[in-house]
There are 2 protein chains.
Amino acid sequence: MYVGKSVNRVDAYDKVTGRAKYTEDFIRNGSYTAKILHSTIAHGKVISIDTSKAEKLEGIIKIITCFDVPKHSFPTAGHPWSVDENHQDIADRRLLNEHVRYYGDDIAVVIAENEVQALQALKLIEVEYEEYEAVFDPIESMNSNSIPIHEQTPNNIIGHTKNRFGNYEEAIKEKGLIKIDTWYETPIVQHSHIENHIAYAYEEQGKIVVVASTQIPHIVRRVCGQALGISLGKIRIVKPYIGGGFGNKQDALYEPLAAYLTTQVGGHPVKLDSTREETFVSSRTRHSEKIHIISYVRSDGTFVARKLELYANNGGYASHGHSIAAKGTNCFHQLYPCDNIEADGYTVYTNLPTAGAMRGYGIPQTMFAFESHLDDVALKLGLDPIELRIQNIMPKGFKDGFSRNENYYDSFREAIAVGRRAIDYDKKREEYKNQSGNIRRGVGLGCFWYNTGVYPISVETSSCRMVLNQDGSVQVQLGETEIGQGGDTAFSQMAADSIGVPLDDIHIVSTQDTDVTPFGLGAYASRQTYMASFSITNTAKIFKEKIIDRARKELEFAPKNLDLVDGMIIRKTDNRQLMSLGELATIALYDNKDSDHISAESTYTIRNNAFSFGASFAEVEVDIALGKVKILRLVNVHDCGKLINPRLAEAQAHGGMSMAVGFALSEELKYNDKGKILNNNLLDYKLSTTMDHPNFEVYFIENPEPTSPYNTKSLGEPPTCSPAPAIRNAILNATGVRVNQCPMTPHVLFPLFKEAGLIENDYEKEMKYENKAWSVENV
Amino acid sequence: MYVGKSVNRVDAYDKVTGRAKYTEDFIRNGSYTAKILHSTIAHGKVISIDTSKAEKLEGIIKIITCFDVPKHSFPTAGHPWSVDENHQDIADRRLLNEHVRYYGDDIAVVIAENEVQALQALKLIEVEYEEYEAVFDPIESMNSNSIPIHEQTPNNIIGHTKNRFGNYEEAIKEKGLIKIDTWYETPIVQHSHIENHIAYAYEEQGKIVVVASTQIPHIVRRVCGQALGISLGKIRIVKPYIGGGFGNKQDALYEPLAAYLTTQVGGHPVKLDSTREETFVSSRTRHSEKIHIISYVRSDGTFVARKLELYANNGGYASHGHSIAAKGTNCFHQLYPCDNIEADGYTVYTNLPTAGAMRGYGIPQTMFAFESHLDDVALKLGLDPIELRIQNIMPKGFKDGFSRNENYYDSFREAIAVGRRAIDYDKKREEYKNQSGNIRRGVGLGCFWYNTGVYPISVETSSCRMVLNQDGSVQVQLGETEIGQGGDTAFSQMAADSIGVPLDDIHIVSTQDTDVTPFGLGAYASRQTYMASFSITNTAKIFKEKIIDRARKELEFAPKNLDLVDGMIIRKTDNRQLMSLGELATIALYDNKDSDHISAESTYTIRNNAFSFGASFAEVEVDIALGKVKILRLVNVHDCGKLINPRLAEAQAHGGMSMAVGFALSEELKYNDKGKILNNNLLDYKLSTTMDHPNFEVYFIENPEPTSPYNTKSLGEPPTCSPAPAIRNAILNATGVRVNQCPMTPHVLFPLFKEAGLIENDYEKEMKYENKAWSVENV
């Protein structure tokens, strides 16, 4: 059995040696390079574009403007399609846009023989705009009277989730209730995957082929068809290895535009490769959210009534639409069930770059608010934050009516117990009780839950094909994609066990090619290991039956007495090895009376979802005068069911914790008052690095998930959900100061600490002096 | 219905626009180039190779010699494998050879950064040989006492077919029999495909990937495994479009060596691209054959007893072994059945380049002999050649005991009748009866039969996979390969009809990739349209059943009342269109309770073979003094069953006739007495071109073949089988001179005409003068 073992990644050797092929490696000599002209206003209309000077440059093949492209809109979200119009994604984007919705919108493209020529041409294109008033804040936007960002959405509200349980207004009339009322805010951050988005398109065999760095090849195929207005059978998407996605590539980004461009140059190959600067502006970001929570509690810690208002800043285009804010809003009544709840979540267009899916899909934002709020309540009541959580958190047996997700174990309390022990919570709480001075320490925690996939909101389906080689090895094809997370390794382990062959005999076909790869939805919603486990085991069952049936023909044994174990056909009565699978495959294939190339393919519709649970515990050291937070320890505890590969699971958690540290302490995209980005590069955008991390500690509670064949459930996104509030609550524990926004930079902390009286005037003076000195030095 | 219609080639647009990708197009920047050092002796042993000087050159990555490669031999023939050792191909080749068997054998390889460096290095390598006696003639070779060409074959005889029917020795005792006893000889010719052989190999994902110009990707995969001694699951062959093969690429050529080379440079990509000069020597050729026929006939034209001796010159390595000569030998007793037959066919190693499969697989050689002999018999008896054939040729109802092939119609006599009318045979025979002077004309014919595939000698199997897209279009994958013949178009037509969708909705996956392409044997033995017709119709049946079953679920109609016609689900009772296949596919895929990605895959074992029949008629004009033959008309008549695509069928025939014209009149590889080739390029090797052709005329007798679903049978090779003897017999008709060897060049004809008294001394003198003048001019 390979499931449960920390086998090496199947792609380790190729990736370490640089042999692994990415989209860039597919580009042929003589391909054209396309470069996009981005708008220099945040909101308005392109009146005219003069390309005459640019066209005179050497090497310019063609310049295409927003006036040339098809006049219909398409959706970009990496969601499965629905035949129900009400479940379809919002079609609000064109290949290039006359109505400009953010500073950096796509208005024209130069196709040139090389990049230098294309960039020179961009500078010579003259654009005339009619400028509209721009709005950057979601609450302002939904109340704005200016020209709507999208005509069909007059109030700029993309979606509104409204949950009502019990009777909030009645419940808060109870005498003696304590009210805790706070606003929280999270920043716009970016995925910052190593490989920027790249798409490479050409025509071949009556089709447009797009090689692209995407998480969702089959979905991108459909979107390209919609964008170009052609039948999707005439589109072929090839997805090689990709250098990270984290949700940004769970959208059709520039694949539709690349597909269109090749059709404009007679099918010649065209490369459309985003720079880092473009990626920061013109791909997707994580929604900034403003979250208002009011809790009415009894002094014993009982929640009586709770209210949530959530405003998600979606930027200029719908992308995933309201689903991200909806997920966060729906979390409210599940994490801490309470009888009387009012929750409203809004997703609102603004004139900022488009927000889309990013690891956690709305949960990092809401967990920052919800779990900060929990500590705020505990502080107000004088209760220990852990005790307040244990008292109120989702209990064993909780079942969500809509998703039918169930908490089969007391996973939350188990996770809290493990983290509490691991970080020595009680001792540290005691120790850090009465601190003074500039350097103070604290511990804190945050919890989260996460779904696994998107059922029942959308279809969850996975298809798998297995092909037997003459040496007994097996190709396994899935539409689920390796995006760096180790999916291929987990799939291979499950396939080896399900079929009964050595792991070395599983050849996972890593590259998805929509022409030949069975349909699968791709990498998102932490779905893949869970969903693929169904299609792999189901297909393996059919595959194995065919193998056993063939073995029966060759050996004349009753099938029930035969099995395939470790690549050998065995007799079950005494476990004797009768022949190898390779021998059988060879005999079957070259039998000139009855040749058989054994393969199996099947689709599995997954009609389940599963809760994943966990908690983060942080220990921090705060330098109050500098407003600097150093993370001393960060512990994540997860119940993601049984682990397929413990070492990969731990790595997955490390990656998520790293992203969460950046989200908590340093990362934020900033814009000026015209909506122009100020830090569109990795020098100015403060991505968290190993220099900012302690040694991450990860623990797993492997409560076997009963819905899935290998008892697994989501782990991809969960690790990024709860570290930020844990850090925030540790700061609170250290300083007594409630920090209600991320990232918790010195710029945020310093005024808060000052307001709290933690910073003496001396410090302030000193700081001012230092800042000045620093400025001078850098002039 | 698309079968039977001359639809456009599915690859026409890509090929005309240069968009189609060939192996060369896969080569990435930075790949290494490998160049082979070929032996400069025809037979001997490499004693030492000094690479020290070559290694010092810039850019040399590695030099590998025959002393470095694995010490085991492997077979190269493009035959399906057999688990029966006696049916396995001869393993007599190593990646590089210490024992050198022909002038041009592979003894070392330079891997360099580029081609210039590699070629420079080749010149600096010093080789010391021990030279053995070389033999170039098959009859001499089998009687030679010198060192055998392969140790395990002491008499140099690769194989011997011995057929005995009746009692030849008794039969010839009959009084009054007329004996006709002649030797015939055919040349060594080369396929001369436009694209020389090329293989490009690299390691990736634990596998060796070889992109190669091959007809037989799945077979080459197995051979590469054998050659390198590794499991074939770790080999992946990718076959893009190829620029012709004609049987030369029905062998593993340099794919195994390329696969080995990449393993020697850490998996770095290595290109191994043959030049035209190398292709002429170091790939494969068509066997030269010496054929001895003795016929005993009665004066009424009855064949009483016949004897055949056939000697095929196989060159230095076995390649396809004896199967080619065996096929020709077995033809003898079938074409003109006769009660008393002795036939012996031998395949013999010599120290010439290796002969292998070439379009016709031994039949062009034997037809040249057999059909020339028929006219020789007719001449002797004073009978018309057509009447003699009609009297003796394979009758309707003839059944071959071994292959179980049956002549279900009187196809031969029908074909002869059509050709006779088309070329106005009787009138021309009359007209050309008493000619004199230097320019004379004649008409002649030749017949042939041909098998379809290799059953029952080897397994015949074809697998097919069909994948439904959401727009109702379908990917079709087959292991059978497009090699320029139009296979993909024929497969698409059959798939469209079998499934019930418009032809535009069939997306044939042209590139075979052994990782994901169902097993199929590839392009050879004129098998593909026939074999694929079984797997396509069988898979379409399963595929369609799944579609109808899904339609039933959506529509609640009894499946028996539903059908799929032209891409629409119809109600059979009134032919009403209920929904499109695209709608059904989309509903099925996105059904979140029961999602279905419809596909089907199946293997079909074909346990049939089928006779194809035909005849060629030629009209020639002979300039006796110049020994020049001009073809005025060339007519081919074929019964290849029902035509899938008449225009493609005609083009197929044109190509074969062109090859046959070269074989008849101009093409021959020549060697000096050391076995060194004299004309290894397309200037000196006289390939027939359109300048040498009349407008080819082709007629089809579409007798429906009862064994195959679309009533089709072989056409790929047949057109090349009978033109040569038709031309030869037309020359005989024109001049009365029997030419018993090909090519019938002036060098051959002049002495024959002189011997026959057709050339006066005046002519002779004039010729000598002219030759001299010509020589002077060209000094």
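1. A residue counts as buried if 20 or more other C-beta atoms lie within 10 Å of its own. The model under review is predicted. By that cut-off, eight of the 10 residues of strand β13 (residues 288–297) of chain A are buried, so β13(A) is largely enclosed by the rest of the structure. For chain A as a whole, buried residues make up 60% of the 779 residues.

2. Which strands pair with β13(A)? One is β8 (residues 178–185) of chain A, antiparallel over eight bridges. Here Lys179(A) stands opposite Tyr296(A) of β13(A). Another is β14 (residues 303–315) of chain A, also antiparallel, over 10 bridges. On that side, His292(A) has Glu309(A) of β14(A) as its bridge partner.

3. β13(A) and β14(A) form a hairpin. Five residues lie between the two strands. Gly301(A) sits in the turn and has a positive phi of about 95 degrees.

4. Now the whole chain. Chain A has 20 helices and 27 strands. Its C-alpha trace spans about 95 × 75 × 55 Å along the principal axes. The radius of gyration of chain A is 28 Å, which agrees with the value near 28 Å for a compact globule of 779 residues. Take contacts in chain A between residues at least 6 apart in sequence: 80% join residues at least 24 apart.

Definitions and conventions
Residues numbered from 1 in each chain as written. Chains lettered and ligands numbered in written order. Predicted model: local features only at pLDDT ≥ 70, side-chain atom pairs only at ≥ 80, totals over all residues. Helix = DSSP H or I, 4+ residues; strand = E, 2+ residues; numbered from the N terminus. Rg over C-alpha atoms; globule rule 2.2 N^0.38 Å. Buried ≥ 20, exposed ≤ 12 C-beta atoms within 10 Å, placed from the backbone. Contact = placed C-beta atoms within 7 Å. Pairing = 2+ DSSP bridges.
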